[in-house]
Amino acid sequence: MSHIDLNDVVAHIKPEYIIEIEKPCESKQNNTTTNDNGTTEPPTKKQKLTGTNKHRPKYQHIPKSSKLCRSVWCVSPQQQQQQQSEEQEQELQHDEKEEKPQQPPAPPPPRRCSFPSCAFMHDVSAFLATKPPDLGPRCHNFHTFGRCPYGVVCRYGGEHISDGGNIVNNTIQQQQQQQQVSINTLSKELQIKLRKRQYDFSRAHTCHQRAMREVEALRMEREKEQEREKEGKRENVKEGITSNEKIEQKTETENGVKEREGEIEESEGKKREETVESGGKEREETVENGGKEREETVESGGKERTVKERIGPAPEEDLVKLLSREKKKISWHGKTYLAPLTTLGNLPFRRVCKRFGADITCGEMALSSCLLQGNPSEWALVKRHPTEDLFGVQVCGSSAQSMVKVTQLLEENIDFDFLDINMGCPIDLVYKQGGGSALMRRVGCLETMVRGMTQTLSRPLTLKMRTAIHQNTHTAHTIIRKAKLWDVDMVTVHGRSREQRYLKLADWDYIGQCVREADPMPVFGNGDVLSFQDYNSFQERSGVAGVMIGRGALIKPWVFREVKEQRHWDISASERLDMLKLFVNYGLEHWGSDTEGVEKTRRFLLEWLSFLHRYIPHGLLESTQHLNQRPPPYQARSDLETIMASRAASDWVKISEMLLGKTPAEFKFLPKHKANAY
């Protein structure tokens, strides 16, 4: 049994911090509502508390004519002054020659943009005249790297914008020259190849075909074995065969086998003699890859037999695949693992968790079809920061062939330590297409997919799955038993089914059963971890190699430090605000310090605050907070701590304004997801 009580859903806060609120009296006699005209109606339909908020405010895109072209973002003040002087000279010459219409007009000043039909602005002075005021006096990118890559469009550019140009601090730039913000970016050449379908996927095609043949051969072998078992049962049912008859049959069989062996030896000897005498008939053919194929025709017993012998390099289908012992190995045991989180598991958040001690990080779920199309927004999900020393990429797909292709694509173009297949995504759009948790009912497709991907990869392949698709059923252990034969390196089991979502506690007893089925393959468990006590209890009870933390890391990113130090950390409100400042600075590095980058950073910050407000400071608690517990109304130890515990989105916007400046006019925020579980 779990150490968490499912019915204990209210956090135990010390009485001196609880705020008593008078509840209005409600009549329970009638379940009907009365209108103004005195008529009664049945109760209104209960609002759905799951899914996505479909009425979220949409981001207002700025027209290209109001944006500045990237070619003039980082122009130096000297270059800007030179360009202005050239423009003034052109205007003077034009004014002098206005009275001479017979002469052609002067050509426009040269532009740094290489696109003649560019729709963006190129006049820096006109852009700066209409640019909104700065959001703050200090530019993080300028102080960190010595040069702000966003130049004159930076919303914190007061320090590095002078005379319409971008100033560079050469001292800091030389010190930070080798520091990279992120790796695994999509190059323009690769994007063009993918969009024009010119990328060579021959290796992936060969591995996929080989995997299909292996699966088909194993299927036929299983069918033959079942037929042999059925025949054996029929023979045992037959009557009339005595023990003497069985002995006679055995003796006759042995004699027959010896006679047939003698006949085979004699026939082979005659064939060799005939070949030596006649010399045989040989024919050589040149094959595609430079080798030769020799056919030898031999006559024996009035029949001709053709023997093919290959000379030269072996074809691709005969190459030996990379063995598991030859691949890169990862020591999984005893490590903390930050779960791949959609929307919120972005690169800045992963950097924050790495500072708090997370050992393994994984990118957000990326769709294989979008990666193969060269979609920039999808390729942004596989970006990696140099501080992520053990980083994985998670892909999701419903087609074995496309998954093998994307494996080759990632293997050849980006840097990662392991590849993870998403088998747990419960979203209807993904599930109905056969991906995510739907792979748990498509075991044949999954086997072909995994076998093809392992033959393509030189890195470990892992699986992340749920207990099952339907509630009150368990199927993960049967898949894990088969995955041991597919060269899978590690499996993560989320202790809930697809239908269950987060309504009940994670089933760690069943995760323990999966661990025993998978032995010696390591298994990670996932679900309901919010403190080091939860971590220790679940690990001891199930025997997992490690624990993956998802929602617990969103609510308490410092849970990784608590696990390593084996103590509760009563973090103050000012320390939590410093953590948010760190996230904002990382976001300005990753998404940019221009208007679009600032608003994108603000949006992801607010999405995180929709989880972060659920944390209850440890000093206010009588007992440890669990993931399923909601707090009663309470007054925290400071005003900042109180506003951080607010459930109102307007208070989250106020926190973002402390860090990113004033929001645009008519700005509204609504969280992406709504849930009936805490």
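## Salt bridges within single helices

Arg602 and Glu599 form a salt bridge, with 3.3 Å between the closest N and O atoms. The two residues belong to helix H20 (residues 595-612) and are three residues apart, about one turn of the helix. Arg602 and Glu599 are both buried. The model described here is predicted.

A second pair of this kind lies in helix H6, where Glu223 and Arg219 are four residues apart, about one turn of the helix. Their side chains meet in a salt bridge, at 2.4 Å from N to O. Glu223 has a relative accessible area of 37% and is partly exposed. Arg219 is also partly exposed, at 34%.

## A salt bridge between helices, and a network

Over the whole structure, a search finds 28 salt bridges. One of them joins Arg451 to Glu214, whose closest N and O atoms are 3.5 Å apart. Arg451 has a relative accessibility of 11% and counts as buried, because the limit for a buried residue is under 20%. Glu214, at 22%, counts as partly exposed.

Salt bridges also link four residues into a network: Lys328, Arg384, Asp415 and Asp417.

Strand S12 covers residues 418-423, and six of its six residues are buried. Both faces are covered. Phe418, Asp420 and Asn422 lie on one side, and Leu419, Ile421 and Met423 lie on the other.

S12 runs parallel to strand S11 (residues 391-396), and four bridges join the two. In this pairing, Gln394 has Asp420 of S12 as its bridge partner.

## Aromatic pairs

A search of the whole structure finds 14 aromatic pairs. In one of them, the rings of Trp73 and Tyr150 have centres 5.8 Å apart and planes at 40°, so the pair is tilted. Trp73 lies in the loop between strand S2 (40-41) and helix H1 (77-96), and Tyr150 lies in the loop between helix H3 (140-145) and strand S3 (161-162), so the pair ties together parts that are 77 residues apart in sequence. Trp73 and Tyr150 are both buried.

The rings of Trp508 and Phe538 are stacked, with centres 4.6 Å apart and planes at 0°. Trp508 is in helix H15 and Phe538 is in helix H16, so this pair ties together parts that are 30 residues apart in sequence. Both residues, Trp508 and Phe538, are buried. Ring pairs also link Trp332, Tyr337, Phe418 and Phe524 into a cluster. Phe418 of this cluster is one of the buried residues of S12.

## Charges over rings

Two arginines are placed against aromatic rings. Arg441 lies over the face of Tyr431, 5.2 Å from the ring centre. The charged end of Arg603 sits over the ring of Phe604, at 4.6 Å from its centre.

## Backbone features in loops

The peptide bond from Asp519 to Pro520 is cis, with omega near 10°. Pro520 is in the loop between helix H15 (508-518) and strand S15 (523-526).

Asn472 has a positive phi, near 65°, and is a residue other than glycine. Asn472 is in the loop between S13 and helix H14 (476-483), and is exposed, with a relative accessible area of 71%. Asp528 likewise is not a glycine and has a positive phi of about 70°. The loop that holds Asp528 runs between S15 and helix H16 (532-542). With a relative accessible area of 6%, Asp528 is buried.

## Annotated region

The unreviewed UniProt entry places the feature "domain: C3H1-type" at residues 133-163. In the model, the end C-alpha atoms of residues 133-163 lie 16 Å apart, and the span is 19% helix and 6% strand.

Technical notes: Residues are numbered from 1 along each chain as its sequence is written. This is a predicted model: local features need pLDDT of at least 70, side-chain atom pairs count only at pLDDT 80 or more; totals for chains, interfaces and linings use all residues. Side-chain values use heavy atoms; hydrogens and water are left out. Buried means under 20% relative accessible area, exposed over 50%, partly exposed in between (1.4 Å probe, protein chains only). Two strands pair if DSSP finds at least two bridges between them. UniProt positions are given in the numbering used here, feature names are shortened, and annotations may be inferred rather than shown by experiment. Rings of Phe, Tyr and Trp (its six-membered ring) pair if their centres lie within 6.5 Å; planes under 30 degrees apart count as stacked, over 60 as edge-to-face and the rest as tilted. A charge sits over a ring if NZ of Lys or CZ of Arg is within 6 Å of the ring centre and within 35 degrees of the ring normal.
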